[in-house]
Amino acid sequence: MGETTTLSVHRCRFVDFTPSAITALAFPPLPLPSVKGKQRAIAHDRIPTFGPLVVGHANGNIEIYEWTGSVEAIKAPQAWVVRKTLSGANPSKVDSLALTLKNPDDLQEDDVPSVADLRLFSTGGGSELTEWDMVHATIRRSIPSQGGSIWSIAPNPASTILALGCEDGSIHLLSLEYNTLQHLRRLDRSKSRILTLSWGPPFFPDNRGHPPAPPKGDDSDDEDEIEWHDSWIVAGCSDSSLRKWDVSSGRILDRMGTDKIRGESTLVWAVGVLGDGTIVSGDSLGMVKFWDSRTCTQLQSFEAHGADVLCLVVGPEGTSVYTSGIDQKVSQFSLIESSAKGDSILSTPSRWVRTTSKRMHSHDVRGLSIWPPYTPLPSSHRRSFPTNVAPLLVSGGLDMSVVVTPAALAQSTTTRITNPLATSITATFEDAYHRRIAYSSGAHGSVGLHLAKRARLVLSTGDTSLAVWHLTKKSSLDRDPKPAPPAEGVGWNKVLEMDLRVHTNLVASAISDDGRWLVVSDAYEMKLFLLQAGSSGDDLKPVRVRDFQKILQEHLPDTVSGRGASALIFSPDSSKLIVATSTAFVLVLDLVSDSPSARVLRKFDQHRNGNPTVEGRCLTGRRSSTHEKVDGSELESDADGPDDPDGMNDTVRPSHSAPPTTTSTPATITRMAISPDGQWLATTDDYRRTHIFNLDAVQHHTSLPSFPQPAHALAFAPNVPSLLLLGFANNTLELYDVEARQFPPWSRALCSALPKRFTNLHDAILGVTLAPDAAPDGSENSSVLALFWGATWLCKVQFDAPVGWGGFQKKRRRRRSEGGAGHGTERDRGAVNNFKLVTHYRQILLADFLAPGELVVIERPLTDVLANLPPAYYSPKYGAS
């Protein structure tokens, strides 16, 4: 097998999906070191851990990204992928983000916080500060600023205080201790709005900087009595100045004035602080300045940008600074040790130099962040990181894509540095290749477009709207190898467009295969529509099922957050609707064929049961001996437990990880799949748990062991309906026989020997579709043709063909030229054609089989998306080409 397959492809670009601009980025802070100055030895052979990335959007949504690397390898070609989406209120936006540690005392100095260890705060241009519940994907609480609109937020290094910069020129401090959020005090008010904030280095109460003398004996309780204290806070203001406040007294200590042009005020948009007290600022004139915090005088100034500097970030070691803004450039500044000697006051031991600039975006850059994050600490407690792994700089802006680039310093190349992105051998910021993380069309990194195969309809959802297109049938297969592009509107027509009244942005949607039913949901409400033919015959008329929400409420908790859905899917015969609620219930509904109504057949709560977790991964092989409570309801673990005939349950954890916790882990169900015969249902959540349900018997069938990566693609084989295919975020595969409740023995050779040209693709798997024309012979390893796809690639996988060589085309040609036995055989030809990649589609939103031999590929090229944006900043230079 593995022969060439001819398909009729609908290459569609009519879907006007537009992602939202990126307005804020944030990495979690690291715990503060011990005040005694005890520094642990850095193990250079240990694989570093990358923390979660939080991305805020202009439409109010917040995405939580997860690193796809494993504990066995440094490199992760897929970098970060979306794990969960926090749906913002409509209308709203995200201007600032801040992550703090929930319980700082529970973490060691070298621990990397997980999502469960963090608290997330955001502002959207108003006077309210919002705290998010990242586990349940809902708003936890909000609090007014008491100072007007909030322009900036900044937590202190100890994660105990959050500072708000307000419209009235005041800085309000909020207490975060003991998981609370309440006003603590207000600092002296200035005469201009506070645009940006940054905390100074913390100190010890005895001598402001030097560690105290260690107490006699080795009593660890004495260490708890000594804590870090906040020294001062600096703010960038709207009146051409920076101001410095003393935290203890609340008084303004000094004012630093910036340059002006034509009497207009200069806006200081970004500010940062180094461990030695040096202040870095970026303003609306494109100037980057370095200040001495003790004398509040300017040390150095650089005309680094042609327009406003909107963001800056300090490198992990405190010896580099990165700035960016409206002119799309990212500039790097490095601290260079000076060799000049002398007694002159101009002779300094080190100075800042602008080393390089790169243009990685097409429009304004609104956010910069770097991993590992920098904490301004005294030199006696400065952090040390492995020097053989490059830090990663993340940026985002109006062009809607997260860009990641290695950011190793040129002076640190004395040792071999590993590029975690695997984009190039070099890892320095100046020479390394950056990569663009593809945007997702749906919530939780899922696919936001759906195909009704029998009705030939395409459903696309936006923030608060949806549209349905109809694909016309082709009279015959076009054999022309280079067909002429069709005229606009030929082959498709829009049959429905709706603007919905919703509380938040849409989270989930689905359309039945016969085109009769359509369902959408935001975070708080689901809406079911019956689609009828319009009067003209070329459009559809939606009729809403008014009692749908009332039917659901009878089986759901009486809470506002429990009325929304995180995933929706119809059965292939359009007779059932499966709803995964935002509170992790799975509802099976029977759709009444002769009237617009529905009834609930059964409710499942397997995804709400408590399981032990290690590093955010549930161990489904372990069972808690106690009852767990989720949202006030008492739950028990599954009495039968997961089936594991092959002993593949993950009961072994990494040696350096914490013991498993047995607290309840209410999950967000992100993806679902139904077998072609309608018997089996597979669901997976963000804790990597996968459950199988029997829809014929309407009961829970089994659960799979948790996997190292979250499942990004689920599908059942058409010719073997009990065979489940799983594609993961790191481009690995698994096959599971749900009837036999085991991983087929023949699949182990395939899944353990995937070619590197597939697993090293930079874009993660988004979906999988299987050819419906396979011969249903029912054999265990019968011919199954799967088409896996990501944002920029399609890959054909034939499961009964050999995997073949796993490298790239150049080495494969070399091996062919060497000749030898077995060359040219049918098996070798199958190995060459298997895992064949197609990379000339950009960017893929959906790939699915419409009929035997007929494939639909929906694209949204980045150039079409950027064409709708306002013109980017451009400053022509005299004599430049």
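The model is predicted, so to speak of local features takes pLDDT of at least 70 and side-chain atom pairs count only at pLDDT 80 or more, while totals for chains, interfaces and linings use all residues. Numbering starts from 1 along each chain as its sequence is written, and side-chain values use heavy atoms, with hydrogens and water left out.

Histidine 136 sits in the loop between β8 (128-133) and β9 (138-144), strands being DSSP runs of E with at least two residues, numbered from the N terminus. At 27% relative accessibility, histidine 136 is partly exposed, a class lying between buried (under 20% relative accessible area) and exposed (over 50%), with a 1.4 Å probe and protein chains only. Its C-alpha atom is 7.2 Å from that of proline 666, 530 residues away along the chain.

Turning to the sheets, β2-β3-β4-β5 is the order of four strands in an open, antiparallel sheet, where pairing takes at least two DSSP bridges between two strands. β2 (22-26) and β5 (80-86) are the edges, each with a single partner strand, so one side of each lacks a neighbour in the sheet. Within the sheet, four bridges join β3 (residues 53-57) to β4 (residues 62-67), with glycine 56 partnering isoleucine 62.

Strand β6 (residues 96-101) pairs antiparallel with β7 (residues 118-123) over six bridges, and serine 96 stands opposite threonine 123. Six of the six β6 residues are buried: Ser96, Ala98 and Thr100 point one way, Leu97, Leu99 and Leu101 the other.
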